[in-house]
Amino acid sequence: ELHLDPRRSYLTGDHARVARPVADEIGADELQSDLMPEEKVIAVRRLLHRWPTLGMVGDGVNAAPALATATVGIAMGGAGTDVALDTADVVLMRDDLGGIAFSLWLAREARRVVTQSLTVAFSMIGVLVLGTVGGLLPLWLAVVCHEGSTLLTIANGVRLLGMPHPEFELTAGASPPSRSSAIPAPPPSDDRARGSRSASLP
């Protein structure tokens, strides 16, 4: 279970009539339209007072300052601009908002695996040091056990490659969903021409 907070705010430079269908499609709780880049930063700072942990998704030049202001900035890699990709903390390689849930799950699993590996490694080192200093283990056996624990921690990390996602799996060779499958393409607007479309997620 990912326990994602469902509260969403959609920040965009598009006009309200253009942004409303997109906000409805992603289930946004509030919409702030006609925003300039500096106004998006102000909006994100206000949201941070309400939601101390805030993730923001964006792909345009105008979203970059707000991405840097949020707790975690997430850029859409397929159509994202260079400045957005450089500013973001996380880059989704597919233009699919489902990748946000996948990234969160993967981060939590990676942290759990790293904690397990560190616990095993330090415990083994402590036992081997005490056993060797106390004369209970010959040096060659301590070396073999140490290398064995290293292989064990590596194998524990490799498990992440084959671990199934609790909600969906990425099928090998399948074409990634297009952006239009997640969010309908609104009519062209001035802001879209500048490459700015963003949403913030707590």
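This is a predicted model: local features need pLDDT of at least 70, side-chain atom pairs count only at pLDDT 80 or more; totals for chains, interfaces and linings use all residues.
Of the 202 residues in this chain, 34% are buried, where buried means under 20% relative accessible area, exposed means over 50%, and partly exposed lies in between, with a 1.4 Å probe and protein chains only. Residues are numbered from 1 along each chain as its sequence is written, and side-chain values use heavy atoms, with hydrogens and water left out.

Let me begin with the overall arrangement. The chain holds eight helices and six strands; these are DSSP runs numbered from the N terminus, with helices being H or I of at least four residues and strands being E of at least two. Along the sequence, their order is β-α-β-α-β-α-β-α-β-α-α-α-α-β. Taking contact to mean heavy atoms within 4.5 Å, residues 24 or more positions apart account for 51% of the contacts with a separation of 6 or more.

I turn now to the strands. How is β3 covered on its two faces? In β3, residues 55–58, G55 and V57 lie on one side and M56 and G58 on the other, and all are buried. As a general point, side chains in a regular strand alternate between the two faces of the sheet.

Strand β4, residues 72–76, is mostly covered, with four of its five residues buried. Two strands pair if DSSP finds at least two bridges between them. Between β3 and β4 the chain passes through helix α3, residues 64–69, in a right-handed β-α-β crossover, right-handed meaning that, with the strands pointing away from the viewer, the path from the first strand over the helix to the second runs clockwise. Strand β4 also pairs with β5, residues 90–92, in the parallel sense over three bridges, and there I74 stands opposite V90.

D34 sits in the loop between β2 (30–32) and α2 (37–50). Its phi is near 55°, a positive value in a residue other than glycine. Because its relative accessibility is 40%, D34 counts as partly exposed.

Finally, the helices. At what angle do α5 and α6 pack? Helix α5 (residues 98–133) and helix α6 (residues 139–162) pack at about 175°, with axes 9 Å apart. The two are therefore roughly antiparallel. The residues that meet include V113, V120 and L128 in α5 and L139, L152 and L160 in α6. By class, this contact has twelve nonpolar, eight polar and three charged residues.

Helix α5 also contains A101, which is buried at a relative accessible area of 12%. A101 and H165 are 64 residues apart in sequence, yet 9.9 Å apart in space, C-alpha to C-alpha.

Note on methods: Axes are lines fitted to C-alpha atoms, for helices over the stretch in contact, and angles run from 0 to 180 degrees between N-to-C directions. Angles under 35 degrees count as roughly parallel, over 145 as roughly antiparallel, 65 to 115 as roughly perpendicular and the rest as oblique. Ala, Val, Leu, Ile, Met, Phe, Trp, Tyr, Cys and Pro count as nonpolar, Asp, Glu, Lys and Arg as charged, and the others, Gly among them, as polar.
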